[in-house]
Amino acid sequence: MKKMLKWLLLATAAVFILCFLALLIVPRFVDLDDYKPQIESKVSEATGRPFTLGGDLKLSLFPWAGVAFSDLRLGAPPQFKEKDFITIESFEFQVKLLPLLFKDIQVKRFVLVGPKIVLEKSKDGKANWQGLGKAGTEVAAEPKVKEKAPKEKGKGDIPIKSLAVETFSIEDGEILLIDHARNERRQLKKLSLELDGISQERPIRLSLSGLVDDKPFSLKGKIGPLGKKPGEGSVALDLSASIFETVIAKVQGQITDPATRLAYDLDVQVEPFSPRKLATAFGKPLPLTPADPDVLKQLSLKSSLQGSAQTLKVKDGALVLDDSKLSFSADVKEFSKPNVTFDLNVDQIDIDRYLPVSQGEPGKSSKPTEAATQPAKKPAKKIDYKPLRKLVLDGRVHIGKLKAKNARVEDVDLKISSRNGVLNLDPFNMRLYEGTVKSKATLDVRRNTPATKVTLQMNGVEIQPLLKDLQDKDFLEGNTRAQLALAMRGDSPEKIKQTLNGKGEFHINDGAIVGVDLAAMARNVKSAFGLAAKEAQRPRTDFAELSAPFTLTNGEFSTTNTKLKNPFLRLKAKGKADLVDETLDFRVKPKFVSTMKGQGGDMSGSGLAVPVLVTGTFSSPKFRPDLESMIKKGLTEDLSDAAGLGKKKDESTSVEKKARDFLKGLPFGK
């Protein structure tokens with residue numbers, strides 16, 4: 001028995017000695033360069049791309065198992081200008097061999113020098129990374145990737161007893177992005193990555209740096225410890241990023257089970273920076289040129305993020321943009337829909353400061369370009385409403401002070417919800433110009449043609465400052481209340497005008513029509529049509545009440561009982577305005593009153609008055625006295641002499657011009 005045990009020990013020792021000698025001798029007598037053609041052929045066959053190893057291929061087995069090579073090249077498909085997809089100057093990897101038997105990974109060196117990746121897109125949209133791994137060199141469409149179910153803990157993993165890496169670095173890397181369709185070329189170069197202290201028990205120190213179009217960026221901090229089973233358990237993060245020495249962002253928190261059921265709890269902070277300076281450093285202009293050169297000079301962000309691969313919860317969000325402060329929160333579930341709940345509060349914001357000058361300044365508009373005046377060659381692309389049909393949304397927006405199109409609004413309160421393709425704004429309320437507006441709207445996209453409904457109630461709004469700020473026009477004064485209900489279909493202005501239906505009514509109390517004296521116009525035809533001598537003071541018509549009920553039928557505006565009550569005048573108007581053809585057909589009938597009655601007086605009156613017909617188009621309205629109606633009523637006066645009609649050609653031109661100028665002061669004549 002002892003003799004047998006002795007021989008067994010000797011045999012075991014001999015095996016170990018032979019293995020030891022083999023590990024030492026084999027790399028010295030085996031020239032791996034002899035196998036390079038076979039390696040290159042197998043890799044080319046597997047990737048469908050040309051592959052070469054230009055430098056020496058080295059192998060070591062003891063005490064460190066390692067491989068080293070240089071001048072690696074993986075080619076791109078032949079139709080691309082850049083011939084190489086991936087190149088590597090040199091690579092060296094060394095790991096202790098015997099500890100691997102005991103699941104103990106001890107890496108001495110992992111050094112990658114000069115890696116370069118070229119991502120190129122041709123004018124027809126094909127990319128050089130498509131089709132990688134397929135035989136042949138034809139570029140195919142990217143395959144659809146099926147989502148994998150999360151792996152259960154403890155199944156399919158390879159437990160590691162310990163992990164230690166002495167040197168891990170990537171030096172002088174480069175990524176080149178070329179898009180021939182957009183004529184863009186971006187370059188990330190001098191990429192450097194160092195991981196220090198890699199183990200399972202201690203945090204790993206990370207340092208990443210490089211240049212984007214010769215502008216520096218960096219990422220530094222700590223990750224880990226990784227734990228006994230990398231990919232499971234909690235991994236702490238403490239990272240700080242610097243972009244172009246302009247933006248500094250920090251992320252702190254932890255990631256749980258990244259390899260199985262990802263979850264995260266992170267605090268994100270972006271320190272104050274200037275978006276203008278960032279755009280300058282990036283070598284790109286701002287997407288829009290704001291009207292105010294002092295905006296986009298300060299932006300900061302702070303928030304907490306919690307979630308998983310399918311959810312995201314944003315808490316304690318705070319964003320500062322110039323003089324505006326925003327606080328927000330959000331909860332996103334089911335990214336595939338998505339299902340979103342959010343709350344946004346803004347203390348105050350002036351949108352006009354951020355709009356381009358042509359849009360931000362009321363009353364100013366640039367002349368249409370030649371391209372803009374040409375008819376469209378292609379029909380507008382049909383809008384896809386499928387995402388809105390899946391969207392589940394519940395949100396609320398509150399804005400303390402808002403300025404838009406030079407109009408000033410306060411206490412904007414908006415609640416928005418969406419289910420099964422029906423989006424509701426209810427309520428949508430605000431305070432403006434001493435009054436209130438309460439409204440709600442519904443957008444239904446369950447069918448291919450969207451349907452919209454809007455209701456609005458206005459109460460106590462001072463109309464003169466509103467029109468002055470919004471349109472830079474001063475033709476109407478008074479305290480306004482209104483109500484309207486509209487319905488329309490379509491997603492283009494033409495379709496909406498053709499299907500616009502509804503009704504409403506405007507009331508203005510204790511106001512005035514500025515720029516016209518209706519009492520003087522009603523007294524004689526000459527005054528009505530601008531043939532009388534000009535007054536030194538700007539004319540106006542004060543009134544106690546102006547009411548205008550209306551209906552809309554397939555884009556046709558109609559009113560049958562518009563009334564104005566003045567101490568000396570009663571005015572009635574009826575007619576139509578076609579919003580599709582932009583044509584007018586109105587009759588205005590004034591009457592004098594024998595007694596002074598203001599608010600509450602009836603519409604009866606007496607005295608000679610000239611009915612006025614308003615026809616033509618929005619851009620070229622025409623005014624003329626209703627002579628036919630006056631003749632039918634038995635008026636035998638020589639109206640031609642009273643009006644001075646037909647006397648002078650320039651007087652007729654003056655009539656048309658004055659009428660057109662006045663009508664253009666109205667909203668539809670803008």
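1. Directly after helix α7 comes D472, a residue whose phi is positive, near 55°; as this is a predicted model, the backbone angle at D472 should be read as a computed value. Helix α7 itself covers residues 463-471, and within that helix I463, L466, L467, D469 and Q471 are buried.

2. The structure holds 20 salt bridges, among them one between K403 and D352, in which the closest N and O atoms lie 3.1 Å apart. This pair links distant parts of the chain, since K403 belongs to strand β19 (residues 392-404) while D352 sits in the loop between β18 (339-350) and α4 (357-360), 51 residues apart. Both K403 and D352 are buried.

3. Another salt bridge joins K297 to D294, with 3.3 Å between the closest N and O atoms. K297 counts as partly exposed because its relative accessibility is 46%, and D294 is likewise partly exposed, with a relative accessible area of 47%.

4. D444 and R446 meet through their side chains in a salt bridge of 2.6 Å, N to O, and R446 is exposed because its relative accessible area is 54%, where the cut-off for exposed is over 50%.

5. On the surface, E89, E171, D172 and E194 gather in a patch of negative charge. Of these residues, E171 is found in strand β7 (residues 162-179), and E171 counts as partly exposed because its relative accessibility is 37%.

Terms used: Residues numbered from 1 in each chain as written. Predicted model: local features only at pLDDT ≥ 70, side-chain atom pairs only at ≥ 80, totals over all residues. Heavy atoms only, no water. Patch = residues over 30% accessible without salt bridge, like charges linked within 9 Å, V, L, I, M, F, W, Y side chains within 5 Å. Areas by Shrake-Rupley, 256 points an atom, 1.4 Å probe, with all protein chains shown as cover. Salt bridge = Lys/Arg side-chain N within 4 Å of Asp/Glu carboxyl O. Lys, Arg positive; Asp, Glu negative; His and termini not counted. Charge placed at Lys NZ, Arg CZ, Asp CG, Glu CD. Helix = DSSP H or I, 4+ residues; strand = E, 2+ residues; numbered from the N terminus. Buried < 20%, exposed > 50% of the residue type's maximum accessible area, 1.4 Å probe, protein only.
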